[in-house]
Number of protein chains: 2
Amino acid sequence: MALFRQAGRKIVAVGRNYAEHAKELGNALPSQPLFFLKPTSSYLSMPQPIALPRGIGEIHHEIELGIVIGSAATNVSETDAMSHVAGYALCLDMTARDLQDTAKANRAPWSAAKGYDGFCPVGEFIPKERVTDPHALDIWLKVNGAMRQNGNTSDMIFRLPFLISYISKIMTLEPNDLVLTGTPSGVGRVQAGDVLTAGLGASGTVLSEISFNVVDRDY
Amino acid sequence: MALFRQAGRKIVAVGRNYAEHAKELGNALPSQPLFFLKPTSSYLSMPQPIALPRGIGEIHHEIELGIVIGSAATNVSETDAMSHVAGYALCLDMTARDLQDTAKANRAPWSAAKGYDGFCPVGEFIPKERVTDPHALDIWLKVNGAMRQNGNTSDMIFRLPFLISYISKIMTLEPNDLVLTGTPSGVGRVQAGDVLTAGLGASGTVLSEISFNVVDRDY
Ligand SMILES: [Mg+2]
Ligand SMILES: [Mg+2]
Ligand SMILES: [Mg+2]
């Protein structure tokens, strides 16, 4: 599953899964998971830069723990869910926030706001054996060296077994699919010239680090 | 591209692209294309039945012309767009209408409402050489032998070159990706026991016919 980015056919992204983040965007806490799809054409890996489309308003960083699926999961129980996990990845759910706000106001899909090329930068595959407890991970993001998001996966509203079970009752999760599990508070704007650095770890051990330069693109 | 269903990584579905259909759902005509993503895990082909999840309210048929992409399209012009088309397929954009209405009311994504397993039944690949004019195709759907949707692709609001160009400026269209181009009026409920038959053709020539039985599923 080290090549999930090339082989995967689906990115399922959960929204509003940290209470502080739901509040900062003025959203109510969800009573059940809310999710959307990002296209696999939005994958990006180092050293490619994040290229911001011009003229679409604010674009935000959302640092997230990604789950890489190892075996097909259809209608699986919470008890069985984690056996379908191959590992993890540190991911950015880049979001055209103004377009997303417009989509919401128009009761329209979020797919464009979440789906531009390069809007899913990801780090290396982390085999699950390296992660003792996926619900006790520090996850942080800095913009130009300044800490902007600094959370812990213990603060998730819906935990991984519940998310996997819930999604698998709607759509089959297939090997190499990626599930983004929501972002902690502190989301904010990125602009050309910024450098985004982010990390995932537990009690001093670094599991993944990523770094992306931000540039403009001309269309 | 005959195996687009197995190889494709993305289904981009355009909504409200026929004026009569936008009206029947009480939606304004769009000033630019509206689109969402369906997961490739929703593909279904004959003779598999369409299995309806229980307890999610009304599920509707939407018969649509699908475009199968033949070569990568990033920021392509309308003039160049059709050179990236490999062919076509007759497709159903199955929709959990009550869930979609709830999502709209909550300003939430449509991904679940559009993304259940089996919610994208498709027919055989039609090479583009067999289609003289994709904007002059009869497209129809019957439920239990009674005509419910009977349109022509000449009534699209946004035509294929515009749709492909528009989407390609947001997300790269890759070989074997599928673009659904919207449904004509006449959408309606399907229930277990129904038989859906549909066709695509031009001046008496049948390009594709599909037939799907509808059953319940237990989760
Ligand atoms: Mg959506
Ligand atoms: Mg997010
Ligand atoms: Mg449709």
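**Cores, interface and a magnesium site**

User: Which residues have the most contacts inside the largest nonpolar core?

Analyst: This is a predicted model. Its largest nonpolar core has 102 residues. Those with the most contacts inside this core are A:Leu92, B:Ile50, B:Leu92 and B:Ile167.

User: How many residues are in the other core that lies apart from it?

Analyst: A:Ala13, A:Cys120, B:Phe4 and B:Phe125 are among the members of that other core. The count for this core is 36 residues.

User: What area do chain A and chain B bury between them?

Analyst: Interface size is often given as the accessible area lost when the parts come together. The contact takes 36 residues from chain A and 36 residues from chain B. Carbon and sulfur atoms hold 54% of the buried area. The total is about 2900 Å².

User: How many residue pairs are in polar contact between chain A and chain B?

Analyst: Salt bridges across this interface number zero by the rule. Polar contacts, with both residues at pLDDT 80 or more, are counted separately. That count is 17 residue pairs.

User: Which element gives the largest share of the side of chain A that touches chain B?

Analyst: Elements giving two or more residues to that side are α1 (4-7), β2 (34-38), α4 (97-105) and α5 (111-115) of chain A. The largest share is five residues, and it comes from β2(A).

User: Is A:Glu64, which coordinates the magnesium ion (ligand 2), buried or exposed?

Analyst: A:Glu62, A:Glu64 and A:Asp93 coordinate the ion at 2.0 to 2.1 Å. The donor spacing is E-x1-E-x28-D. Buried means under 20% relative accessible area. A:Glu64 has 1% relative accessibility, so A:Glu64 counts as buried.

Conventions
Residues are numbered from 1 along each chain as its sequence is written. Chains are lettered from A and ligands numbered from 1 in the order in which they are written. This is a predicted model: local features need pLDDT of at least 70, side-chain atom pairs count only at pLDDT 80 or more; totals for chains, interfaces and linings use all residues. Side-chain values use heavy atoms; hydrogens and water are left out. Donors are N, O and S atoms within 2.8 Å of the metal (3.2 Å for Na, K and Ca); water is not among the atoms, so sites may look incomplete. Buried means under 20% relative accessible area, exposed over 50%, partly exposed in between (1.4 Å probe, protein chains only). A nonpolar core is a set of buried Ala, Val, Leu, Ile, Met, Phe, Trp, Tyr and Cys residues joined through side-chain atoms within 4.5 Å. Contact means heavy atoms within 4.5 Å. Buried area is the accessible area (1.4 Å probe) that two parts lose on being put together, summed over both. A salt bridge is a side-chain nitrogen of Lys or Arg within 4 Å of a carboxyl oxygen of Asp or Glu. A polar contact is a pair of N or O atoms within 3.5 Å; within protein, one must be able to donate a hydrogen and the other to accept it, and residues adjacent in sequence count only if both atoms are side-chain atoms. Helices (H or I, at least four residues) and strands (E, at least two) are DSSP runs, numbered from the N terminus.
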